[in-house]
Amino acid sequence: MFKGKVWKYGDNVDTDVIIPARYLNSPDPKDLASHCMEDIDKSFAYAVQQGDIMVGGWNFGCGSSREHAPIAIQASGISCVIAASFARIFYRNSINIGFPILECPQAAEAIKSGDIVSVDTASGKIVDETTGETFEAKAFPPFIDNIINKGGLLPYLKEKLG
Amino acid sequence: MGMTMTQKILAAHAGLPEVHAGDLIEANLDIVLGNDVTTPVAISVFEKAGFTKVFDPEKIVIALDHYTPCKDIKSAELCKTARDFARKHKITHLYDVGTVGIEHALLPEQGLVGPGDCVIGADSHTCTYGALGAFSTGVGSTDMAAGMASGQNWFKVPSAIKVELVGKPGSCISGKDVILHLIGEIGVDGALYQSLEFTGEGVANLSIDDRFTIANMAIEAGGKNGIFPVDDVAKDYIQGRFQREPVIYEADPDAEYTRTATIDLSKLEPTVSLPHLPSNTKTVSEAVGMPIQQVVIGSCTNGRISDLRIAASILNGKKIADGVRCIVIPATQEIYLQALQEGLVEDFIHAGCAVSTPTCGPCLGGHMGVMAAGERAVTTTNRNFVGRMGDTKSEVILASPAVAAASALAGCIADPREL
């Protein structure tokens, strides 16, 4: 269960704006977080609070396969991302690192920047506390849910391989 | 219901008689790839999870291609991490400065990937090898770590879009125009989670380099992979390169596609993508005259020998425009040597171009041609997102090698058919 202030962005938020390639020479999550979103929102990296929620439109996380993108968002303090849809590598990467993401076009459309939103990742229930509106995100298939519950792909694999 | 090429390859690698779109499967991997940006993150995940052995040191490829020769101390540390790991685990295919090329030109050239393979790479343009009838897809670093540890990974079986190619491309039309046109038609998420399955009599009219360029940019339409049938052109290419036995799959006649997109190659115009999305396409005639300060001819999309030949045929004996910097980057050492032997490098240098050792460099705004605010480039690379090649106020226009070379001479976007 997460509750936080919303940072809202548009459609096709690409991994180059989430974390520009000029900062990929460091794999350190703290370094990456300090430059997260800076090419489209200079205020984000210093104003984001632990537990805040990011909301995007269609095709969130498109472009490069850099896992640095969900790592940067997670390390910046964002608790989860809600989007109308996710680009597939970003989607995989988030699941694999155990970072909660929710696909919900209605919520992505209605929720506004600065709203206070609560999210129950287990049930997929999203409540915009500012407006009172509620939304249901698509549930993960059990296989993927299992990876997330194990804490990501490698812990899942470690257990499977014994 | 029949299966697509992609579905057949995935079924075979999962040990299943058949798979259906939407199935979640675990499949065996023939090759696991990483580069200098993504491999260090994979190593850290691999070691943190307590793994001490890779599944097969001959099936892992590490290509240090993005920031090499290292542009700064931090990138040197990334390369050292990857290099040390490769030595420790006796990874056969480590490509470092001197042998490295841009990974997606390098792996097919070195015969490391071929028909029927199931390949993951921690680089989004891994989808390139679909040109050879392989299933190959870009993944993240944790996926690479899982692949290195177990030789397996999970996949959601994709549904497919059938791309029917008909006709013969006209003068100055190449694979880049085909894929930019398609992305313009279906959008940057038009093939999200899907495979793009290219078919039709027009395939025979495309060179293997054209097909690499097309499969390479499937990701720019959101696709999981792009794949071509294995015909004589593909078989000729792998002859003498690919060391394993190729496994050739064909789509079933009753395979299911969510839609069909038909492209008449004879009707295509040289196509460009204006800032800031690859789907923002125009025919070159609609963009002619836009001033530029930089041209980049190279990348995993268009740094192959046929790309360099096209560019050199346009630049040969001429001078690039005042105020334009033209950077030419052969994608691999083999291509570089070939270009030297054919006299292409001389043509480039006489025309006023800078020729670089293989590197991804400027494509991702890494090094070797980063732009300042207010500058604009026409490039043969694959992405034109905000800030992709430098300052957030610089602009990238995607184009074919022919359009890029013609534009370098004109100092603005130019139509190569009008030279």
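Strand S3 (residues 80-83) of chain A runs parallel to strand S4 (residues 101-103) of chain A, and three bridges join them. Strands and helices here are DSSP runs, numbered from the N terminus; helices (H or I) have at least four residues and strands (E) at least two. Strands pair if DSSP finds at least two bridges between them. The model is predicted: local features need pLDDT of at least 70, side-chain atom pairs count only at pLDDT 80 or more, and totals for chains, interfaces and linings use all residues. Residues are numbered from 1 along each chain as its sequence is written, while chains are lettered from A and ligands numbered from 1 in the order in which they are written.

A:Ile101 of S4(A) is the bridge partner of A:Val81. S3(A), helix H5 (residues 88-96) of chain A and S4(A) form a right-handed β-α-β unit. Right-handed means that, with the strands pointing away from the viewer, the path from the first strand over the helix to the second runs clockwise. S3(A) also pairs in the parallel sense with strand S2 (residues 53-56) of chain A, over four bridges. Here A:Ile82 is the bridge partner of A:Val55. The chain passes from S2(A) through helix H4 (residues 68-75) of chain A to S3(A) in a right-handed β-α-β crossover.

Both faces of S3(A) are covered. A:Cys80 and A:Ile82 are buried on one side, A:Val81 and A:Ala83 on the other. A residue is buried if 20 or more other C-beta atoms, placed from the backbone, lie within 10 Å of its own.

A:Ile82 is among the residues with the most contacts inside the largest nonpolar core, as is B:Val295. This core has 202 residues. Such a core is a set of buried Ala, Val, Leu, Ile, Met, Phe, Trp, Tyr and Cys residues joined through C-beta atoms within 7 Å. Helix H14 (residues 401-410) of chain B gives the most to this core, eight residues. Domain 1 (5-263) and domain 2 (272-418) of chain B both contribute residues, so the core lies between them. These bounds come from an automatic or database domain assignment.

The centres of the two domains of chain B, taken over C-alpha atoms, are 24 Å apart. Their contact takes 35 residues from domain 1 and 34 residues from domain 2. Residues are in contact if their C-beta atoms, placed from the backbone, lie within 7 Å.

Chains A and B also touch. This contact takes 43 residues from chain B and 38 residues from chain A. H5(B) gives the largest share of the chain B side, seven residues.

Methods:
Contact = placed C-beta atoms within 7 Å. Buried ≥ 20, exposed ≤ 12 C-beta atoms within 10 Å, placed from the backbone.
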